[in-house]
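User: Please take a close look at how the chains meet in this model. I would like the contacts and the symmetry in one connected account.

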Amino acid sequence: MGKNIFFKQKGPYLLSEIFDSFQLKKKIKIFDIKPLNEASKFDITFLDSIDYLDYAKTTKASCCITTEKLKIHLPNSCFPITVKNVLFELCNVARKFYPDADIDIPDFSLRKPAKSKYPKVRFGNNVLVGKNCKIGKNTLIGSNTIIEHDVVIGENCMIGSQIVLKNSIIGNEVVIQDGCKIGLKGFGFIPLKDKNLRFPHIGKVILKDNSELGANCTIDRGSIGDTIIGKNSFLDNQVHMAHNVKIGNNCMIAGQVGFAGSSTIGDNVSIGGQAGISGHLKIGNNVKIGGGSGVVKNIPDKTVVMGYPAVPLKEFLKNTKKK
Amino acid sequence: MGKNIFFKQKGPYLLSEIFDSFQLKKKIKIFDIKPLNEASKFDITFLDSIDYLDYAKTTKASCCITTEKLKIHLPNSCFPITVKNVLFELCNVARKFYPDADIDIPDFSLRKPAKSKYPKVRFGNNVLVGKNCKIGKNTLIGSNTIIEHDVVIGENCMIGSQIVLKNSIIGNEVVIQDGCKIGLKGFGFIPLKDKNLRFPHIGKVILKDNSELGANCTIDRGSIGDTIIGKNSFLDNQVHMAHNVKIGNNCMIAGQVGFAGSSTIGDNVSIGGQAGISGHLKIGNNVKIGGGSGVVKNIPDKTVVMGYPAVPLKEFLKNTKKK
Amino acid sequence: MGKNIFFKQKGPYLLSEIFDSFQLKKKIKIFDIKPLNEASKFDITFLDSIDYLDYAKTTKASCCITTEKLKIHLPNSCFPITVKNVLFELCNVARKFYPDADIDIPDFSLRKPAKSKYPKVRFGNNVLVGKNCKIGKNTLIGSNTIIEHDVVIGENCMIGSQIVLKNSIIGNEVVIQDGCKIGLKGFGFIPLKDKNLRFPHIGKVILKDNSELGANCTIDRGSIGDTIIGKNSFLDNQVHMAHNVKIGNNCMIAGQVGFAGSSTIGDNVSIGGQAGISGHLKIGNNVKIGGGSGVVKNIPDKTVVMGYPAVPLKEFLKNTKKK
C-alpha cells in the first residue's frame, strides 16, 4: 500500500464516489489502482481480456472494472463493476486518482547537483538533477543528462550523456548509453474525435542490476504497473519498449527491436535486430527470435522462431524453400 | 505571395535569367518556387510524374519545369520549360532562390529566453531560443531544448526536453516528447559522383492543434511544400517522417513507423508499429495498416491492409494459411 | 604500429604472459591486437570463421587465436593459438591490452572550447570539447553538442546540435545532423549468466569526406578494427550501424536502416528504408536493396534484391504474384 513516489496521488475514495451508479450496501474504500496480480484489498483493478484469467482468479483487489462476460472469473472477494468499455472507465478512474500523470510536465525542480549531496558520484558538465533523487556511490553521469525528481540510481552505474531519466528505479552496475529517454509516458489514450483522452501513466521503469541499454533507446514507463528489464539483460541501440513490457534476466535484444505494450519476455531470450513483438504477448524462457521477425502470438519455452508473422524456424525455412 | 519566413530568399528573377536558353517574347517574372497546387501566377512549379496530373491541370503557376511528354497536361496559362531531368533543374532553380536552405546551418542567434519577452511561458534549464520566435501562453518547455529562429508555438503546449525545433509552426495543445528533432532538412539530393548536389529544403513542418509526438521522433521539413501532421493525430516513439509527408486528422501512428517522402495519409488512419510507407503514395481515410507492413501502393478509403508488401487483410491471412 | 589514440593501451606482452599454457621456444613479443588484414608482425590477431580465409592466408600477424580446425589456413609465419572459444579468449586478451575500452566512461575533460584554440571554428551555445581535439577551419558546431577527447574533425563540416561524437575521425565537408550518437561502444559481449563479459571496443569511427548522417543516427565504433562510412555516402535519419560495419563510397542509405556487426558494403549501393543487413556479410558494388528487405546472405555486384529474406528482384516479384 506504499504511496506512488513519482506522481501526486488523490483519494482514498469510496467506490460510490467513483461510480455514482453503484449503490452498494457495503462501503468499499479504495486507495489506489493496480494490476490484477499486484492489487491488495485496498485497490481497484481491471480485467478486459481472457488473456489474464489466471491473474483474475487470484486477485486480492476489493473491486474490479470488467465486462458482464468476464466478471464470472473474479473471486467472490472482488466486487465486479461491469461496464461496456473497460479501458475508458479505467482511464477516468486513473485520472481521478492521478490527475497529473497523463502528460509529462517537465521537471522544473532540476538543478545543478550539489557536491555535498552526492559526494561519491561523478558528474559531467551541465547535468541536471531533480528533487529527492538517490544516486549510489561510484556512479558516473555524463554531460547534459537530466535526472528528474525521485529517480533512484544504484551504485557503480555508468549513465551516459544527453539522457533523460524520469520515473525510474535503476539497480547497481547498470549501463545506459547516450541519448536514451527513459520513463516517459507511453502511447496510451482513448481515441476520441478532435481530442483523444490520454491515459495516465502511473507506473515506472525498473532496470535491474547489470542491465544495459544502447544509444537512443526509448523505454516508456508503465501505465498501471511497471516496465521492467531484468538482471544482466542487454539492449542494443534504438530499441523501443512500450509501456508495461517486462523483459526477464539474461536477455539479448539487438538494435531497433520494438516491443508493443504489455508483453512479457522470459529469461535467456535473444531477439535479432529490427524484430517486432506485438502487444499483450507472453514469450517463454530460452526463446530465440530471428532478426526482422514480426511476433504476433505467444511463444512457448525453448522455441526458435523467425518470419513475418513469426513461425518456428523449421517451418520458416520450409516456406522459404517452397517459394 | 508571402515571403518564406524561415529562409533568406533571393529574386525575383526573369525566367530568362533562370534558363538562359529560353528566349521568350513575353517576360515572365518569378518570385518563388511552389508545388503545383500551391503556386500562384508569380511562381514557378514542376511536374515530373503522372501521379500529379490532377494538380497539373489546375495549377496557377506561370511556368513549370517538366518533360516533353508531360507538358501537354499543363493549362495554357502555364508556360512549360521542358528538360531531361526535372529534379536536377528544379534543384538548381531552388538553389538560386534559396542559397542557404540545402544545409542546416546551426542557429547562432540562440539565446537564453528573456522572461520579459515570454512572460507566460515556463522554461526549464538551459533552454535556447532564436530570434523572432513566438510562443503562446501556458506553454511549457523542458530543459536543454533548442527552438531556432522564427519558430511559432501555440498555447498550452508541452514541449519536452532535449528537443530541436526549427522551421516549424506548432498549433495549440501540442505535445512533443523528449529528444525529437523537428524541421531538419530531408534526405533529398541529386546523386553525383564524388559530391552529391543537395536539394534545398524551403518548406516547413506544421503540427496542428492537439497533435502529439513520442520520444526521439524525426520529422523532416518539406523540400518544396510542407510536412504536416493533422489535428489530434498521435505518433508514438521513434517515428521517422521524411520531407513533404502529410498526415490527416485523428490518426494513430505506432512506434518506429517510417514514412518515405511525399506520401499523403488521410484522416482516422491507424498504423501499427514498424510499418513502412513508401514514397509518393496516397493512403485514404479510415485505413488500418498492420504492424510491420510494407506499403508500396496507394490504399483506398476504409481498407485494412497487412504484409510485406501490404495487401488487404483477407488476402494476407489466406496467403499465410496457404504456406 | 601507431599507438591507439583513443584508448589507454598496456603492453607489450610476451605471448607466454598472455597464454600461460603456451611454453614456446621462441619468445614472441606482442604490442597490439588487430584484425587479420591489418595486423603487422608486432600484433596478435584472430580467426574464428571460414568467411575470413582470404585474409587469414596473407596475415602478417605473429600469432593468431583460432581453432584446431581453422589453424591450417594460417601462414607459417603466424603462430596458431588454438582454443575452444575464440571470442572468449580474444575478449580476455583485448581486456589485457585495453582495460578501459569495454564501457564508455564519460569524458570528464570536457570544457567550453577556447576561442584562441579554435579561432576559425564557429561554435553554438554550450558546446563541450575534450582534450586534444582537432577541428578544421570553417567547421560549424551546433549547440549542446559534445565532442570527446582526441576526436578529429576536418574543414567545412556542419556538425549539428545535441550530438555526441567520440573515438572518431571525421573528414572534410562532412554533415552530421542533430541528435546523432557516434563512436560509442557496440553491442559486443560474451554472454555469461548473471554478468556478461563486455568486449573491449578499441576501434574508431571514420567518416570520410563529403559523407552525411541524418538525425538521431547511432554509429558504433569498431571492436577490433574500425567502423567506416566512405566518401560522399549519405545516410538518412535513425540509421543504426553496429560495430565494424564498412560502407563504401557514393552510397545512399534511407531512413531506419539497420546494419548488424562487421558487414561490408561496396560502392554505389542504395538501400531502401527500414531494410536490415545481417552481420558478417559482403554486399558488392552497385547493389540495390529494396526498402524493408532483410538481407541474410552475401550479395554479388550489380544485383537488385528485395524481400525478407532478400532475393533477386525478379524472384521476389514472381513469389509475390504466385501467392
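Analyst: This is a predicted model. Start with the pair A and C. Only 18% of the interface residues of chain A are also interface residues in chain C, so the copies meet through different surfaces. Chain A gives 38 residues to this contact, and chain C gives 35 residues. On the side of chain A that touches chain C, 25 residues are polar. Another eight are nonpolar, and five are charged.

Now the pair A and B. Here too a rotation of 120°, with 0.0 Å of shift along its axis, superposes chain A on chain B. The RMSD is 0.1 Å. These copies use different surfaces, as 20% of the contact residues of chain A recur in chain B.

What does each chain put into the contact of A with B? Chain A supplies 35 residues, and chain B supplies 38 residues. The side of chain A that touches chain B holds 16 nonpolar and 14 polar residues. Five charged residues complete that side.

The side towards chain C has eight nonpolar and 25 polar residues. The side towards chain B has 16 nonpolar and 14 polar residues. Five charged residues are found on the side towards chain C, and five on the side towards chain B.

Terms used: Residues are numbered from 1 along each chain as its sequence is written. Chains are lettered from A and ligands numbered from 1 in the order in which they are written. This is a predicted model: local features need pLDDT of at least 70, side-chain atom pairs count only at pLDDT 80 or more; totals for chains, interfaces and linings use all residues. Two residues are in contact if their C-beta atoms, placed from the backbone, lie within 7 Å. Ala, Val, Leu, Ile, Met, Phe, Trp, Tyr, Cys and Pro count as nonpolar, Asp, Glu, Lys and Arg as charged, and the others, Gly among them, as polar. Copies are superposed by least squares on the C-alpha atoms of residues with pLDDT of at least 70 in both.
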